[in-house]
Amino acid sequence: MFDPDIAPSGTLLGLLQRGRGDGTLHALAAPRAEALAALHHCVLHDPRRDWQVESRSLYYARLCLDLHCDLDVIELHLFHPDDLVDPAEERTGLALSVLGHLASYGRADALRLLRRYAATGSNWAWALDELALRDDDAGLRSLVAPVLARFAETPEGDAELSAAVRGAYEPRPWRLWADDPRHGARIRAAQERGAFDRWQRQLTPSGPRPGWSVRDVLLWAQGDQEVLPGVRRHDAAARCLAAVAGPEDRPELLAVAAGGPDAARAAALRHLAETGDPEVLDLVQSAVTAPDSSELVVRAALTAFERMCSVAALDRARLWAQRPDALGDAAAAILACRGSQYDSGPVLAALRRTVRGAGPDAPALWALVEGAGRLAIGCAAPVLRHIYRETSSSHLRGRAAQALAATDPSFAAGFAVECLWDCEESTRELAARHAATADTRVVDQLRRLAADPAEEAEVQTAVRSRIGPDTPAA
């Protein structure tokens, strides 16, 4: 997870960093030099809070095409001396993904740049995956020698090669290279070693295994926590307890959940919550509110509570939702996810309180925003619009857009229009179903999305449900 430096939402850079549709529209209306500077800043300095989940590459690639930008700045970034000392995927991953999309749109310069980086760059595996989807057989065959040269012909090098083959996201290049007359034998040997290693690991697992009793499981969870404090073994221990615990073990589990060692207590709390024990809600409250509870215990207690689906848990959530603490936040999240129309007031209050106290990127907002839409809380629309504009998470913005579609009568003619250019596929799909076609830009963009081979099938299905090839731009 990153904590990127995000510009204000009212600036061109801030809009592009967030991946908002208005970013594209403002960039196309701004002076070209200013738009290119903002775009390059985003591509070279990944603005995503979670680069493994949020989408930006197609969004930036489309803007590159619209601005007719060259790739000199991206090339300088990829082949900067920092590439030799900083092989982290997040430094170059976004730029490589943008090049991949540009190559799929027919940009030959992007394809050449990807080939060059796959041959010499530190994040070569990412570039190779991009090429596997877009390059032809001849282009991929030209890379076999430089890629294999990265692995010394030693037992250690062969082991690294096997790991690379086994971990490849796209296997096409390796399968193609396996038929190479000069290098194919080494590739095939690496493939065989990888398959054998996987079979051997499955046959003889080497991970830690607890004994077959409640006490053994709890001791295993706590012992592992003391040796490796960063390992979350209590979740695995709770799953083991589901298999070994019986009614006769309840007193011991209650005692541990009330005041046992941290990891064992966390495992016991989760198990009791999953089995719906009548005393677990009081134990959760005690674990969260006690001043001497560790962060591990508090987090485990809150997570166990949020996973409960019983009527008793929902009733307790209604009592706790007004609390100005973590227990109140968890209770409000339960009401947002599983409450009824009767619970709209507490959910709305929690939504407003969270935005005021923690800002538009607070983790607690995910469930509350979804709940505001599920319960169709019309009074939540102003807060949802604020979250939509200000959050740096494109996924949370998508949830806010979905909630606005259920709560804000102006959504179809407002935010839904810009959502057609959003970076997230699910948000574009939502916009394709709701955007009012009175705006000529909407009809033009719908047709563009329908004809774009890089667009996701779900978006195109939504588009075609709204507009046909002969629909006039009303």
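Analyst: Helices here are DSSP runs of H or I with at least four residues, numbered from the N terminus. Strands are runs of E with at least two. The model is predicted: local features need pLDDT of at least 70, side-chain atom pairs need 80 or more, and totals for chains, interfaces and linings use all residues. Residues are numbered from 1 along each chain, and side-chain values use heavy atoms, without hydrogens and water.

User: How many helices and strands does the chain have?

Analyst: The chain has 30 helices and zero strands.

User: What makes a space a cavity?

Analyst: On a 1 Å grid over the protein atoms alone, a 1.4 Å probe fits at its points but cannot get out. Points join across faces, edges and corners; the volume is the space filled by probe spheres set on them. One cavity here reaches 30 Å³ or more. The largest cavity holds about 100 Å³. Among its 13 lining residues, Thr24, Tyr59, Arg62, Trp421 and Gln445 are closest to the centre.

User: Why is a residue called lining, and which helix gives the most?

Analyst: A lining residue is so called because it has an atom within 4 Å of a point. H4 gives the most to the lining of the largest cavity, five residues. H4 (57-67) and H29 (440-451) each supply at least two.

User: What does "buried" mean, and what percentage of the chain counts as buried?

Analyst: Buried means under 20% relative accessible area, with a 1.4 Å probe and protein chains only. Of the 474 residues, 50% count as buried.

Conventions: 1 Å grid on protein atoms, 1.4 Å probe; cavity = no way out; pocket = protein on both sides within 12 Å on 5 of 7 lines; lining within 4 Å.
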